[in-house]
Amino acid sequence: MALPFGSYDSVKNRQNRSLLASTQFEDDSYHIMDIEIDKKGLETCQTGLCNLDGQELVLLKYHEVPEFLRGNPYVVHGYRSLLPFNMCMKSLLFWTNETMNIWTHFMGFFVFLLLVLYDNIIALPSMNGSLSDHIILTIGLSCFMFCMLCSTGFHIFCCHSERASRRWLAFDMTGVTFGIIGCYLPAVHYAFYCLSIWRDLYMISITVLSACILIFNLHPHFFSHKWFYTRMALYVGLTAYGIIPTVHWIYLNGGISSHIVQMFIPKVTMMYMLGSLAFSFYITKFPERIFPGKFDFIGSSHQLWHILIVIAFCYWHKAGKEILMYRIAHECPA
């Protein structure tokens, strides 16, 4: 099926010309994270594709894109495919089925950057926070920012090539791991603030579990479609592990009737509810599964997943600051 690329016959012909061009100019290009970038920013666009404006950028249907881009058959239209670096970046300004995925987490990065500045310059000094408080909150928010950037990068460059897509998926999943660490770090630190032995034990266990998942990332098939549910099971397991220190924390603080437990266990419950809701959209592909093609550009499950993750991170950061304020107001017993 020929596609309307103006004076260009088809995607296949465009790829062939790109291959010839890349051979001709191979000495003038370099790769960063499996993305080919020409030194002058021109040779990658020898086909002329980079000269297209937004109205001429052809968006493909699901059955027209390569296998590595076929992740959700219920999102029918709006796909980019095999774009050079320049066009991947230019597509940020075009409306595709990745636009919301890109901008929700790109803007999320700036939300957490502003929170880092606000907490360190205004909030913590006003609460008489210690140096360790500055460090813990900054590391937690930095994990969130890293998660947002990795996700943004994947959704920008996943259409560059199959190799780039796999590399950036690895970054994306690494970012998810750090996002989970960013949730655990301040929570464990302040929940077990007066029980340093348990605090250190849970910190070590979370670090080991996270490191194991990062090691799994090195497996050559880890990011294949075949391993999708294995990946999901590992990340769900890492998240669900938090139930163990939570139950232990309730016990150490005198049970469910304890004042501090009644203050903060609803926040833990809400966080898990937000995470579960986000994951349910992600795994079920609702609502586009019910109405294929109706949510291609806005309202798809992955976009809802992105928005809920940002909300969950913001909510958990707020809860972390509240338990910090409690610890500042209530000193540890002698």
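How many of the 334 residues of the protein count as buried? The share is 49%, where buried means under 20% relative accessible area with a 1.4 Å probe, counting protein chains only.

Before you click on, a word on what you have open. This is a predicted model, in which local features need pLDDT of at least 70, side-chain atom pairs count only at pLDDT 80 or more, and totals for chains, interfaces and linings use all residues. Residues are numbered from 1 along each chain as its sequence is written, and side-chain values use heavy atoms, with hydrogens and water left out.

**Stop one: the whole chain.** Starting at the N terminus, the order is α-β-β-β-β-α-α-α-α-α-α-α-α-α.

**Stop two: helix α5.** Select residues 162-191. The end C-alpha atoms of α5 are 44 Å apart, which agrees with the 44 Å that its 30 residues should span, the expected span being 1.5 Å times one less than the number of residues. Of those 30 residues, 21 are buried, leaving α5 mostly covered.

**Stop three: N101.** Now pick N101 in helix α3 (residues 99-126). N101 counts as buried because its relative accessibility is 4%. Show its surroundings: apart from neighbours within four places in sequence, N101 is in contact with H155, H302, Q303 and H306, contact meaning heavy atoms within 4.5 Å. Finally, draw a distance from N101 to H306: their C-alpha atoms are separated by 6.7 Å, though the two residues are 205 residues apart along the chain.

Methods: Helices (H or I, at least four residues) and strands (E, at least two) are DSSP runs, numbered from the N terminus. Buried means under 20% relative accessible area, exposed over 50%, partly exposed in between (1.4 Å probe, protein chains only).
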